[in-house]
Amino acid sequence: MPLTRDLPNFRLSEFNHPDLIDQDAAELLQEVRTIYGRSLVVTSDARTAAENDAAGGSPTSWHLRGRAFDLRWPADPWKFVDAVFQVARTLGVRVELELVYSAFAYRARDKHVHLAWKNDGTPSELIVAAD
């Protein structure tokens, strides 16, 4: 079911494709925001196939299923990680959480968090990508 209403900390207008976002995934994101206690900025959410290709995304990306969000680097990344796994444990859901931190001058600076709510039976993953 697509996201059709504002959440306590996220307005529909903050999402690129609220009509493609899985309602359960959005509510899980809201739970993380509540526990984290600080604002989160969504930079990417559900994607069309063309948008996913343009972003260099995987053909099996959770963004294509409306179950993934890319977020601006959180003010307290470890508190954010803790909030994600508290929600996952409490609600019995699995996550794909990737912390991307690239700060070298020869590459484009990239600091973001990728969070996907998995529903395919595979285990949770915490990926740290840094250079």
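The model is predicted, so to speak of local features takes pLDDT of at least 70 and side-chain atom pairs count only at pLDDT 80 or more, while totals for chains, interfaces and linings use all residues. Residues are numbered from 1 along each chain as its sequence is written, and side-chain values use heavy atoms, with hydrogens and water left out.

**Exercise 1. Check the length of α3.**
Work out what span helix α3 (residues 77-91) should have at 1.5 Å a residue, and compare the end C-alpha atoms.

Solution. 
- Start with the element itself: helices are DSSP runs of H or I with at least four residues, strands are runs of E with at least two, and both are numbered from the N terminus.
- The expected span is 1.5 Å times one less than the number of residues.
- With 15 residues, α3 should span 21 Å, and its end C-alpha atoms are 21 Å apart, so the two agree.
- Just beyond α3, G92 takes a positive phi of about 70°.

**Exercise 2. Find the buried side of each helix.**
Which residues of α3 are buried, and what do they pack against?

Solution. 
- Set the cut-offs: buried means under 20% relative accessible area, exposed over 50%, and partly exposed in between, using a 1.4 Å probe and protein chains only.
- In α3, the buried residues are P77, F80, V81, A83, V84, F85, V87 and A88.
- Their packing partners are α1 (23-36) and the strands β2 (68-72), β3 (94-102), β4 (110-118) and β5 (125-130), where contact means heavy atoms within 4.5 Å.
- For α1, the buried residues are Q23, A25, A26, L28, L29, Q30, V32, R33 and Y36.
- The cover over these α1 residues includes β1 (42-44), β2, α3 and β4.

**Exercise 3. Describe how α1 packs on α3.**
At what angle do α1 and α3 pack, and how far apart are their axes?

Solution. 
- Two packed helices are described by the angle between their axes and the distance between the axes.
- Axes are lines fitted to C-alpha atoms, for helices over the stretch in contact, and angles run from 0 to 180 degrees between N-to-C directions.
- Here the angle is about 125° and the axes are 9 Å apart.
- That makes α1 oblique to α3, given that angles under 35 degrees count as roughly parallel, over 145 as roughly antiparallel, 65 to 115 as roughly perpendicular and the rest as oblique.
- On the α1 side, L28, E31, V32, I35 and Y36 meet K79, F80, A83, V84, Q86, V87 and L91 of α3.
- The residues of this contact divide into nine nonpolar, one polar and two charged; Ala, Val, Leu, Ile, Met, Phe, Trp, Tyr, Cys and Pro count as nonpolar, Asp, Glu, Lys and Arg as charged, and the others, Gly among them, as polar.
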